[in-house]
Amino acid sequence: MEKYFPRYVPFFTLLALLGFLFLLWNITSLESWNCQTVSSFYQLQNSIQSVLKTSEFFLPVEFNYSFCAHLGQEPSGEEAREESYILKSIAWPEPSILGLPLRQSTDPAQSYYSIQDPGELQIGGQLVVKVQMHNFLGQPKKHGGDFLVARLHTPELAAGVAGQVHDHNNGNYTVFFPLLWAGVVQVELIMIHSSEAVMVLRRLREEQSDRVFFKSLFRSGYLSETTLCNLCLPVKQQPLCNYTDPQTGEPWFCYKPKMLDCDTRINHSKGGYKKHLLTVYESQFFQSGINIKIPIHPAGVENVTVLPASKVRIKGMHLKFTPSGYYYQGSWRPLSGVVMRQFNGSSVITQCLRGKMLYMYGDSTVRQWYEYLIAHVPEFKEFNFHSPKNVGPYMAVDSNHNILLRYRCHGPPIRFTSVSSAEMHYISNELDRLRGGSDTVVMISIWSHFSTFPVQVYIRRLRHIRRAVIRLLNREPATLILIRTANLQKLDPESSLFNSDWFSQQLDAVLRAMFKGLNIQLVDAWEMTLAHHHPHQLHPPPDIISNMVNFILSHICPVRRKKRRG
């Protein structure tokens with residue numbers, strides 16, 4: 001065989017040369033492909049890699065996210081004490097025995113309420129309702145922790161007010177309602193979640209904060225890759241890109257692409273929702289029509305008659321619970337502060353906003369105010385920034401009345417479809433860029449996208465916003481700042497795990513505590529959705545949005561009180 005080998009050397013040499021020339025031709029052809037073709041090639045490559053490495057992207061590794069709460073700038077001693085106080089104030093009662101079977105958990109269908117002997121009820125008084133919760137065996141519950149909400153209403157008058165629920169931690173609850181109008185009033189009591197379900201939600205919040213995950217697209221020339229992102233990520237074999245905000249210290253990380261640098265990130269988007277979060281046992285406590293948002297029925301009468309009281313001033317009454325306001329004839333009536341006005345028609349709105357600059361920052365619930373004004377004031381002309389629908393940023397002007405209207409979403413975490421990396425701004429940094437003054441109105445709403453994270457994450461974000469609010473008010477005390485609270489929404493077994501009203505209620509309590517005492521105005525979306533007859537929705541319907549905007553405009557253009565003659 002060896003004696004014939006030299007004879008084939010020229011043949012193998014020629015074959016190798018032809019192979020090399022063929023390779024050069026393919027490289028040249030690849031370089032001549034258009035950008036779209038090559039981009040598709042790499043997207044296909046990434047898709048294959050994603051399928052092969054599903055555990056790295058679509059199903060993130062299980063780990064304890066609790067340390068995420070301690071990322072970012074260190075709080076001062078006073079802020080740390082405040083955080084500890086807030087966490088204690090929102091601590092939820094636990095069942096005395098954990099792991100109870102479904103039949104021993106709260107059954108709203110067998111629970112009931114009773115109106116306490118009211119005697120003669122008058123405007124300015126209060127209605128007291130006692131609640132007794134039972135389990136599926138019909139036995140009285142011996143511990144508290146059920147999440148209940150209540151309202152008092154008169155459908156014929158389009159009137160309604162939120163009630164305050166007091167948990168006695170023994171299966172009994174007391175609900176207090178202020179009496180604010182005359183007529184027949186009805187009690188409505190709803191169990192959002194049982195105490196057993198709340199314990200599951202609390203576990204998810206502390207242990208599964210990655211149950212909503214995020215991603216970013218990286219691109220440079222023909223190359224593109226998508227990687228997993230979140231508030232914090234487990235440091236595995238794959239290195240991280242650190243996008244921590246230099247001003248606030250707010251952390252955000254993405255896994256570094258294999259072929260691209262960290263500075264090639266072009267967008268941020270919601271990656272998806274994790275599945276199979278609950279055990280078979282836990283899923284029993286999240287059943288539509290059984291133990292999620294179920295009304296509790298009365299043991300006796302469900303309505304009473306309230307009589308007029310000629311000498312009682314509603315705003316001066318002393319009650320166990322005083323709400324921020326109530327509905328009457330479909331209109332929101334605040335119980336303190338501003339006198340509510342109705343701004344019907346675009347001319348009235350533009351007259352109020354003349355010479356004003358309105359800045360809206362936050363999630364889609366504050367964007368509803370921008371959309372309302374655009375829809376009701378044809379004088380506003382929008383700039384086309386080619387922004388993705390429902391994402392922004394948005395800007396509109398009314399040059400005739402010198403009005404500027406702007407909306408920008410808050411920084412991550414945010415579950416929007418796709419946001420340009422260049423448009424990911426933190427609210428506190430935006431506030432620091434404002435001059436402020438009597439011609440400036442700032443509106444903030446930030447809560448919904450924090451429902452899956454430990455409360456400490458939300459406290460940290462509000463702390464940075466509060467610092468910026470204080471700096472802005474120190475620069476220009478005449479700046480008007482309005483902050484929207486959380487609101488109730490529609491729930492089913494799946495959405496409860498990500499957007500439960502219990503999560504929102506906890507964040508709502510934190511927000512109220514952290515901005516208490518500052519020269520800002522709260523738009524009480526919680527009570528405005530609870531007191532209204534509309535079903536709960538993440539994005540409240542136009543009736544409620546109209547009342548919110550009228551409330552805001554009433555602060556921008558308050559009623560001038562007449563001076564008394566001496």
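Which residue in E7 does Val128 stand opposite?

Mentor: Val128 stands opposite Phe176 in E7. Before we go on, note that this is a predicted model, in which local features need pLDDT of at least 70, side-chain atom pairs count only at pLDDT 80 or more, and totals for chains, interfaces and linings use all residues. Residues are numbered from 1 along each chain as its sequence is written, and side-chain values use heavy atoms, with hydrogens and water left out.

E7 covers residues 172–178. The labels come from DSSP runs, numbered from the N terminus: helices are H or I with at least four residues, strands are E with at least two. Six of the seven residues of E7 are buried, so the rest of the structure largely encloses this strand. Buried means under 20% relative accessible area, exposed means over 50%, and partly exposed lies in between (1.4 Å probe, protein chains only).

Look at the partners of E7. Two strands pair if DSSP finds at least two bridges between them. Strand E3, residues 126–132, runs antiparallel to E7, and seven bridges join the two. E6 also pairs with E7 in the antiparallel sense, over four bridges. There, Asp167 stands opposite Tyr173 in E7. E6 and E7 make a hairpin, with four residues between them. Asn169 sits in that turn and has a positive phi of about 60 degrees.

A pocket is found on a 1 Å grid over the protein atoms alone: it is an open set of points where a 1.4 Å probe fits, with protein on both sides within 12 Å along at least five of seven lines, and lining residues have an atom within 4 Å of a point. Its volume is the space filled by probe spheres set on the points, which are joined across faces, edges and corners. The largest pocket holds about 960 Å³. Its lining has 30 residues, and those closest to the centre are Gln164, Val165, Gln505, Ala509 and Trp526. E7 is one of the elements that give two or more residues to this lining; the others are helix H4 (77–89), strand E4 (147–154), E6 (164–167), helix H12 (501–514) and helix H13 (525–530). H12 gives the largest share, six residues. By class, the lining has 17 nonpolar, seven polar and six charged residues. Here Ala, Val, Leu, Ile, Met, Phe, Trp, Tyr, Cys and Pro count as nonpolar, Asp, Glu, Lys and Arg as charged, and the others, Gly among them, as polar.

Side chains of opposite charge can pair when their charged atoms come close. A salt bridge here needs a side-chain nitrogen of Lys or Arg within 4 Å of a carboxyl oxygen of Asp or Glu.

Start with H4. Glu79 meets Arg467 in a salt bridge, 2.7 Å from N to O. Arg467 belongs to helix H10 (residues 455–475), Glu79 to H4, and the two are 388 residues apart. Glu79 counts as buried at 13% relative accessibility. Arg467 is partly exposed, at 24%. Both belong to a network of salt bridges that also links Glu83 and Arg463.

Now H12. Arg512 bonds with Asp524 in a salt bridge, and their closest N and O atoms are 2.6 Å apart. Arg512 is in H12, while Asp524 is in the loop between strand E26 (521–523) and H13, twelve residues away. Asp524 counts as buried at 7% relative accessibility. Arg512 is partly exposed, at 27%.

E26 takes us to an open sheet. Seven strands form it, in the order E20-E21-E22-E19-E24-E25-E26, with mixed pairing. Strand E20 (381–382) and E26 stand at the edges with a single partner strand each, so one side of each has no neighbour in the sheet.

Step back to the chain. It has 14 helices and 26 strands. Of its 566 residues, 51% are buried. The structure holds 23 salt bridges.
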